[in-house]
Amino acid sequence: MDNLKVTRNLSIDDHFHLLLHKKIMNKTGSAKRRSKKYYKDQYKKTGIIPAPLLLVEKGIMDGRKCSGRPRSIDGQTKRRFIEMVKTSSDPSSQGFIFITRKARTIKNYHYWLEKELNKSISLPALRRCAKRENLKFYLEKEDFEEDIPVKNTFKPEPVFDLIQVDGCKFRYLKIKDETGNWQKPQVIETFDTGSRYMFELDAYFSESSLNSVDLFNQFLLNTPFPQKKIRFRPDNAKGFVNLKRVINALNIKHSVPRGFYLAPDFSRVHPAKDKAHLESSHRSLHNFEIRIIKALEDRIVKTVPGYLFNQGKKEKITVTLLDITIQDLKNSPLIKEYRNEHNHTKHYFSENGKVSAWIPAQKLEDFLSKQVDIFTFSPDEVQEHMKYGYRKIKATVSNKRTIRHDNRYYYVTSGADRFSKHKSTPVQISRYKDKLFIFERGEDGILLGEALAQKPFDKPPEPAPVQPDELDTIIILLETHNMAVDRPALIEVYHRGLTLARAQQVLDYNQSRYTDYIKKINQPEARKNQALFNAFILDCQKLINTNHVATYASHGDIT
């Protein structure tokens, strides 16, 4: 899907309703109704799409953050509020009085905070903070553990209403990891609760952010999606939590009113009942391990004793060491055969205390056959999500659009308009070779832009591949023409409107002049290459000044 092309073809009313949907899709209840009414009234009064809705196209959902204004509550208030909530739900804590569950209301904490800190505090901001910090667990914690009701976890779900994701570590075998050490692999599966269809099953060594994004990409590429709201429930492992960013970016780009919307519905930290269907299927996966050992018996190195802990009991087992790598396991047909066997075999499932039998693939196909509009994601759309998988650390974009990281300076290349010229912006970054990917702060922060190092690295690391962007392509083009690229100078011209097409146009038009120019320079090779790049920059500046068109308005070559 190309959102830019789609929005160009929409009427202003349709464009407004599409942006309004994206703006309020993550809200619920009265907050959603108030926002919807506010923007509709503004649009009806002026006939112009409100500016906060237009920012949604750039992935900016928080107008306060975009304008550079601080949060409604400061750090001191936030810390004290969280401390109050947590300690007031624990009878043994001395940090605050114990409060019975029925009386743990935000309004009470609001009153106590204003009295204690002697200042006015926004009540809606406290409600947002409670949601953002996952304080619901403490606000609703029962006074006595025995009062907690037992819920029936195997409730029926419609097909494609709830997709669960979880990992299962092998018990009975170990293989070699990247360092040559023996380690138990684990499989991560994506599972439709309604049909019990297994979308994806793949082997990894950990539930890392990179691995979870890789499996999520496979799920997007290989799955036809109906136009409906789909709840997506991964485990609360650290790597899976990173998927909140990817899901948010996916919804901003592809969600439509009354159509596709992937709702993050993460399982709670402690209860395994939130993903009971998957936990049940994991028992079959452990039986599958023995089939792997049998199929690869010629690769058995030896067997060693191991231990299994079941309900607090320690049980001795035998663990088999297989001389294979994780890639060998991925490439073998064994995992695919197990998945196909699960999907195309009749199973007996329990729902609401009743046992029913069906074939998962058949139940899923019956549902999809009744859908009017089915769509799929293209590889290019999915490839962009790999940027979300790398390790993220906190950083700051200065008001000059630069980042200092690991004793190097990086210059923002794409998304520079999302950062203030008046104050620095706190962000999170991931490094790939000599490039930084810049993310919004927070668990669901989307990709804001990219930054390039002032000088290229001598020996860059080699993680999973990422497609080069336009500026990378321009640098590669200039280096093939023997130019010593000064990155800050090139980035400055790039921000003023240089494109790949314009760079190629300048090179083609001035190639013979550059050749004569190099012949006349009696300098070392490095100085020649630098002079050639300076000549190219001057020619680009002339072209841009002569044919200046706003970056967002230029399409194709400018003649």
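At 68% relative accessibility, N118 counts as exposed (exposed means over 50% relative accessible area, buried under 20% and partly exposed in between, with a 1.4 Å probe and protein chains only). N118 sits in the loop between α7 (106–117) and α8. Its phi is positive, about 55°, although N118 is not a glycine. Most residues other than glycine have a negative phi. N482 is another such case, with a positive phi near 60° in a residue other than glycine. That residue belongs to the loop between α18 (470–480) and α19 (487–495).

A word on what is being looked at: this is a predicted model, in which local features need pLDDT of at least 70 and side-chain atom pairs count only at pLDDT 80 or more, while totals for chains, interfaces and linings use all residues. Residues are numbered from 1 along each chain as its sequence is written, and side-chain values use heavy atoms, with hydrogens and water left out.

Stepping back to the whole protein, there are 21 helices and 19 strands (DSSP runs numbered from the N terminus: H or I with at least four residues for helices, E with at least two for strands). Of its 559 residues, 44% count as buried. Among contacts (heavy atoms within 4.5 Å) with a separation of 6 or more, 67% are between residues 24 or more positions apart. The accessible surface comes to about 31,000 Å², and 50% of it belongs to carbon and sulfur atoms; the areas come from the Shrake-Rupley method with a 1.4 Å probe.

On that surface, K27, R33, R34, R71, R128, K131 and R132 form a positive patch. Patch members have over 30% relative accessible area and no salt bridge, and like charges are joined within 9 Å, with each charge placed at NZ of Lys or CZ of Arg. The elements giving two or more residues to this patch are α3 (29–46) and α8 (123–132). Helix α8 gives the most, with three residues. R128 lies in α8 and, at 44% relative accessibility, counts as partly exposed.

E189 makes for another charged spot, this time in strand β4 (residues 186–192). E189 is buried yet has no salt bridge (a side-chain nitrogen of Lys or Arg within 4 Å of a carboxyl oxygen of Asp or Glu). The nearest side chain of opposite charge, R339, is 8.9 Å away. Leaving aside neighbours within four places in sequence, the contacts of E189 include D166, E200, H282 and L285.

Technical notes. Patches are made of residues with over 30% relative accessible area and no salt bridge: like charges are joined within 9 Å, nonpolar side chains (Val, Leu, Ile, Met, Phe, Trp, Tyr) within 5 Å. Lys and Arg count as positive and Asp and Glu as negative; His and the chain ends are not counted.
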